[in-house]
Amino acid sequence: MFVQDSIVDVRGLYKSYLDGTEQVRVLSDLSFSIAHGQSMALMGPSGSGKSTLINILSGIESADDGDIRLFGESAAKKDTDWWSGLRGTRIATVFQNDNLMPTLSLGDNIRLRAQLAGRTKVAVEHWLTTLGLATLGHRFPDQVSGGQRQRAAMAMAFAMLPGLLLADEPTASLDGATARQVADALFHHQHETGCPMLLSTHDPALAARCDFTLVLSSLGAQ
Ligand SMILES: Nc1ncnc2c1ncn2[C@@H]1O[C@H](COP(=O)(O)OP(=O)(O)OP(=O)(O)O)[C@@H](O)[C@H]1O
Ligand SMILES: [Mg+2]
C-alpha cells in the first residue's frame, strides 16, 4: 500500500543487470517512502545498488519490477518525456560524477540549470556562497578541484528550487571540514525549504543527520 503524502514511494522494487549470460540481481523487493521535509540516507557496500536506485528514481534507468510514485503520481507506463520533465524541473540529482558543462563557468552552469528548470531570477552569488564558492563563480570546471566541482553541482541542484533532491555520495571527495560544510548546506536547505532528500553515502556521520537510513546489501556478492 502506498503511503499518503509521501513525495517518493517505492514498493517491491527489483533490478538486475545482465552480466554476460547471467542475471545479477542488485535490488530485491525494496520498499520505502520519503515525505516532504524528510531525509533518507542510503548506505551499503560498494556495488550494493545505491547509484542504481538513484538512477531509477531519476528515470535514467528502469526497474524490472515494482511500483514507484513520485509527487503522488505513479511512474508506471510513463514515457521518457515525463521523466525528463521531472528531472528538468522537480527532481534535482547530483550524480557521483558531476555533470557541469565544461564550456561554461561555474556561475553560468548554475544560472543555466536553474533557467532550464523555469526559474527566471537566479541567485547565483547566493548559491555559490552557500557552498563556499563565492570567489570561484567565473572559473571553468577544469580550473577548479574535484570537490569544488561537486559543490558547484550541488549549487546547481539548489538553484533549481527542486521538489526532491537526490545526491549520490555528495561528500565523498571532500576533506572533513568541506564535507561538513556541504552537509550543513544540505540540511540547512532542507530546513528552509522542506525539500525531501535521498543521500547515498558511506559516511555514518552524514547518515546520522538524516531522518532514517536504508541499508542495501550486496546481493550479487552473496
Ligand atoms: N549498466 C550496468 N551493467 C551491468 N552491471 C551494472 C551496471 N551498472 C551497475 N552495475 C552493477 O550493479 C551493481 C550496483 O552498482 P551501483 O553503481 O549501483 O553500486 P553502488 O552501491 O552505487 O556502489 P559504490 O558505493 O561503489 O558507488 C554493481 O555490481 C555494478 O557493477
Ligand atoms: Mg555508487
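**Before you click**

This is a predicted model, in which local features need pLDDT of at least 70 and side-chain atom pairs count only at pLDDT 80 or more, while totals for chains, interfaces and linings use all residues. Residues are numbered from 1 along each chain as its sequence is written, chains are lettered from A and ligands numbered from 1 in the order in which they are written, and side-chain values use heavy atoms, with hydrogens and water left out.

**The whole chain**

Zoom out first. You have seven helices and nine strands here; helices (H or I, at least four residues) and strands (E, at least two) are DSSP runs, numbered from the N terminus. Along the principal axes, the C-alpha atoms fill a box of roughly 50 × 35 × 35 Å. The radius of gyration is 17 Å, which agrees with the value near 17 Å for a compact globule of 222 residues. That rule is 2.2 Å times the number of residues to the power 0.38, and the radius is taken over C-alpha atoms.

**Select 146–159 and 176–193**

These are helices α5 and α6, whose axes come within 12 Å and cross at roughly 5°. That makes α5 roughly parallel to α6, the term for angles under 35 degrees. Axes are lines fitted to C-alpha atoms, for helices over the stretch in contact, and angles run from 0 to 180 degrees between N-to-C directions.

Now show side chains. On α5, pick Arg151, Met154 and Phe158; on α6, pick Thr178, Gln181, Val182, Ala185, Leu186 and His189, which complete the contact (heavy atoms within 4.5 Å). By class, that gives five nonpolar, three polar and one charged residues. Ala, Val, Leu, Ile, Met, Phe, Trp, Tyr, Cys and Pro count as nonpolar, Asp, Glu, Lys and Arg as charged, and the others, Gly among them, as polar.

**Select Thr93, Phe95, Asn99, Arg113 and Met156**

Of the 19 residues lining the largest pocket, these are the closest to its centre. The pocket holds about 350 Å³ of space. A pocket is an open set of points on a 1 Å grid over the protein atoms alone, where a 1.4 Å probe fits, with protein on both sides within 12 Å along at least five of seven lines; lining residues have an atom within 4 Å of a point. Grid points are joined across faces, edges and corners, and a volume is the space filled by probe spheres set on the points.

Colour α2 (80–89), β6 (91–94), α3 (106–116) and α5: each supplies at least two lining residues. The lining divides into 13 nonpolar, four polar and two charged residues.

**Select Ser62, Ala63, Ile68, Ala75 and Trp83**

Next comes the second largest pocket, with a volume of about 290 Å³. Your selection is the closest to its centre of 17 lining residues. β4 gives the largest share, three residues. The lining has seven nonpolar, five polar and five charged residues.

**Two last clicks**

Valine 122 sits in the loop between α3 and α4 (124–130). Not counting residues up to four places away in sequence, valine 122 touches Ile110, Arg111, Ala114, Gln115 and Ala159.

Finish on glutamine 148, back in helix α5. Leaving aside neighbours within four places in sequence, glutamine 148 is in contact with Leu133 and Leu136.

Notes. Angles under 35 degrees count as roughly parallel, over 145 as roughly antiparallel, 65 to 115 as roughly perpendicular and the rest as oblique.
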